[in-house]
Amino acid sequence: MREVEYVSYGCPLEDYQLTRADHRQQKQSEDIRRCVEKQAAEEKAEEQADPVLAAGRRAVVEKVLAMLRSSPTPERDIMRWRVRLYCGHIVETRRHRENGKPTLHGSSSMQCPECGKDPSAIVAFEPIGLAGQPPSPPKPAACPPPKRPTRAELEQHVAALKRENERLRSQVSEG
């Protein structure tokens, strides 16, 4: 299993003021949901008109579900996340441990288990721990702002990247 750095964004347990980006993300999630529902309705109409097509699709879905059930993801490979949703509720969600954020791979929103809003965009999040482990205690009231690198640190990093770039170029030209 590869090493993953888990990222926090915002402080889910603190007061949170929605940003323009949050509103934009929520609208985008709702637009995607409407498009998916429209496409699903079109496919359902196709299946009602063609029972053979419906039976074939159902067989494929059953086969995929059987494959998924045959090899469930072990609890040790599941990361638990505390998330604040667009609707304001704070809930726990689970993602594969190789995802450094719970918003990757099309998972930027979810149905709120508290109020049912679906979709409700994830606007703040923090890792809790791997499934099967007890939850870590809530963070102190104030989350420290992320540490910004100094100019000297950035210049060192740029210099190191330039050296690495030159090394790789020399390897390519030799080979």
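This is a predicted model: local features need pLDDT of at least 70, side-chain atom pairs count only at pLDDT 80 or more; totals for chains, interfaces and linings use all residues.
Two strands count as paired here if DSSP finds at least two bridges between them.

Strand β1 covers residues 78-85, and it pairs with β4 in the antiparallel sense over seven bridges. To find the place on screen, look at Trp81, which stands opposite Pro127 in β4. Strand β4 has another partner, β3, made of residues 109-110. Two bridges join β3 and β4, and these strands also run antiparallel. There, Met110 has Ser120 of β4 as its bridge partner.

How many of the eleven residues of β4 are buried? Ten are, so the strand, residues 120-130, is largely enclosed by the rest of the structure.

In soluble globular proteins, nonpolar side chains tend to be buried together. The largest nonpolar core in this model has ten residues: Met79, Trp81, Val83, Leu85, Val91, Met110, Cys112, Ile122, Phe125 and Leu130. Which strand gives the largest share? That is β1, with four residues.

Leaving aside neighbours within four places in sequence, Leu85 is in contact with Val91, Met110, Cys112, Ser120, Ala121, Ile122 and Val123.

Now two points about the backbone. Most residues other than glycine have a negative phi, and most peptide bonds are trans. The bond joining Asp118 and Pro119 is cis, with omega at about 5°. Pro119 sits in the loop between β3 and β4. His105 has a positive phi, near 60°, and is not a glycine. His105 lies in the loop between β2, residues 90-96, and β3. Is His105 buried or exposed? Its relative accessibility is 67%, so His105 counts as exposed.

Last, the cysteines. A disulfide here needs two cysteine sulfur atoms within 2.5 Å. By that rule the count is zero. For Cys87, the nearest cysteine sulfur belongs to Cys112 and is 3.6 Å away, and Cys87 is in no disulfide. Cys115 is in no disulfide either; the nearest cysteine sulfur to Cys115 is that of Cys87, 3.7 Å away. As for accessibility, Cys87 is partly exposed, with a relative accessible area of 26%. Cys115 also counts as partly exposed, at 44% relative accessibility.

Notes:
Residues are numbered from 1 along each chain as its sequence is written. Side-chain values use heavy atoms; hydrogens and water are left out. Buried means under 20% relative accessible area, exposed over 50%, partly exposed in between (1.4 Å probe, protein chains only). A nonpolar core is a set of buried Ala, Val, Leu, Ile, Met, Phe, Trp, Tyr and Cys residues joined through side-chain atoms within 4.5 Å. Contact means heavy atoms within 4.5 Å.
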